[in-house]
Amino acid sequence: MTQRAYNFAAGPAALPESVLEQAQREMMALPGPKASILEISHRSPTFKEIIESAEKNIRTLLGISDDYAVLFLQGGGRLLFSMIPMNLLTKEQPSADYILTGTWGKAAIKEAKKLGSMKVAWDGADDKYTYTPADSDLELNPNAAFAHYTCNETIEGVQFPTEPQTGQVPLVCDASSDFMHKPLSVDRYGMIYACAQKNMGPAGVSIVVVRKDLLERSSDELGSYLNLKLHADEGSLMNTAPTFAIYVVRLVTDWLLNDIGGLEKMYAINQRKAKMLYEVLDQSGGFYEGHARQDSRSLMNVSFRLPSEELTTAFLKQSEAADLTSLAGHRSVGGVRASIYNAVPVAGVEALRDFMIDFRDKHA
Ligand code: PMP
């Protein structure tokens, strides 16, 4: 069998080894149906138990009340960029506010603008998306249908330390790249959504946590799959659900609950891992230059540059050879990005830290 490397991919990304092992053990046959998860009906009692436990785990981990629905959808983060304005804008409130702290926020507003008049409440473009705004910097419209932000910008590695305050306007959060990395006060949000392939499972499913009263805005005129209320009414089983992806989300949430011991503990581990790498940047005498401002640094994606393209190429080649993989920055920005999601083990981050110190000592 091929030896596993430490995987710093931005998504699809590392999964807990115990989850992969369990999926492997169960791949040929699940106990009830005596068939693989890949081969059974999304309406079978076995899959019903799987999707219900995945939802229950998510509710337990985040302390989600009955005022919220939890949905499992296809189409990734991208489809939600369109579905959110489709469902949440109304005739009375035809406009929404977008807080732009990086590439994904910009992608979200681009889609939303096709559906209504969106307003930019804050845009960090002039400072190359290096930090998140203070509440006092936001130009919010009190009559907006919702206010959207990206709590962790995966490419820039810029993360909000806490959620922005938007008063009565429902806060909608793209948490694709940091969902479940720490506890949240869900009741501060109208909606939180995340594609699974970073912190929650494989590609193919997105998780949506949405306040039930907001679902009343969904118009019957929407195509059925685009209608969030219909998904909630059908328990995310309007059509053939992405069964394997949901099965893995269930295993990942079991791991968070039982192996890690909940999100407070996960948060402590994530803080420890991120600190290790940011300390290397800060103590490198400028050799490694972090993209994000200190107070906006992401615990999930550590984006940084080296003094030259040649050194970046050498860093990526040598790290790959040392089994520290997928460290190239996003194609749009270059440099290096270490994605250290929940499932990246402390030992992997320690190995990367040691590699970085050594590389700097040789090349500075
Ligand atoms: N939002 C964020 C913050 C992301 O990082 C990504 C994917 N990298 C997306 C949205 C888009 O997700 P998908 O590729 O599943 O459409």
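**Entry 1: a proline to start with**

In which loop does Pro12 lie? I found Pro12 in the loop between strand S1 (6–7) and H1; helices (H or I, at least four residues) and strands (E, at least two) are DSSP runs, numbered from the N terminus. I then looked up the peptide bond from Gly11 to Pro12 and noted that it is cis, with omega near -5 degrees. For context, most peptide bonds are trans.

I am working with a predicted model, where local features need pLDDT of at least 70 and side-chain atom pairs count only at pLDDT 80 or more, while totals for chains, interfaces and linings use all residues. Residues are numbered from 1 along each chain as its sequence is written.

**Entry 2: the whole chain**

I counted up the protein chain as 10 helices and 14 strands. Its radius of gyration is 21 Å, close to the 21 Å that the globule rule gives for 364 residues, so the chain is as compact as a globular protein of that length. That radius is taken over C-alpha atoms, and the rule is 2.2 Å times the number of residues to the power 0.38. The C-alpha trace spans about 65 × 55 × 30 Å along its principal axes.

I also checked burial: buried residues make up 46% of the 364 residues. I call a residue buried if 20 or more other C-beta atoms lie within 10 Å of its own, exposed if 12 or fewer, and partly exposed in between, with C-beta atoms placed from the backbone.

Next came contacts, meaning two residues whose C-beta atoms, placed from the backbone, lie within 7 Å. Among those with a separation of 6 or more, 68% join residues 24 or more positions apart.

Across the boundary, 23 residues of domain 1 are in contact with 24 residues of domain 2. On the side of domain 1 that touches domain 2, S7 (158–159) and H7 each supply at least two residues.

Then I turned to the largest nonpolar core, which has 103 residues. Such a core is a set of buried Ala, Val, Leu, Ile, Met, Phe, Trp, Tyr and Cys residues joined through C-beta atoms within 7 Å. Ala147, Ile207, Val210 and Ile246 touch the most other members. Helix H7 (residues 243–260) gives the most to this core, with 9 residues.

Leaving aside neighbours within four places in sequence, Ile207 is in contact with Ile58, Val70, Phe72, Phe179, Tyr193, Ala194, Ala196 and Met200.

In H4 (residues 103–112), I listed Trp104, Gly105, Ala108, Ile109 and Ala112 as buried. Why do they sit on the same side of H4? They cover an arc of only 135 degrees around the axis, which puts them there; the arc is that of the directions from the helix axis to the C-beta atoms. They pack against helix H3 (76–88) and several strands, including S3 (95–100), S4 (117–123) and S5 (147–150).

His148 is found in S5, and I get 29 other C-beta atoms within 10 Å, making His148 buried. Beyond four places in sequence, its contacts are Ile84, Ala96, Tyr98, Ile99, Ala108 and Val172.

**Entry 3: annotated residues**

UniProt, in an unreviewed entry, places "modified residue: N6-(pyridoxal phosphate)lysine" at Lys198. Its positions are given in the numbering used here, feature names are shortened, and annotations may be inferred rather than shown by experiment. I located Lys198 in the loop between S9 (191–195) and S10 (206–211). Lys198 counts as buried, with 30 C-beta neighbours inside 10 Å.

The UniProt annotation "binding site" (unreviewed entry) covers Arg43. Arg43 lies in the loop between H1 (17–26) and H2 (45–62), and is exposed, with 10 other C-beta atoms within 10 Å.

**Entry 4: positive phi**

Last, I looked up Lys128, with phi near 55 degrees, and Ser326, with phi near 60 degrees. Lys128 is in the loop between S4 and S5 and is exposed, with 12 C-beta neighbours inside 10 Å. Ser326 lies in the loop between S13 (324–325) and S14 (336–339) and is buried, with 20 other C-beta atoms within 10 Å.
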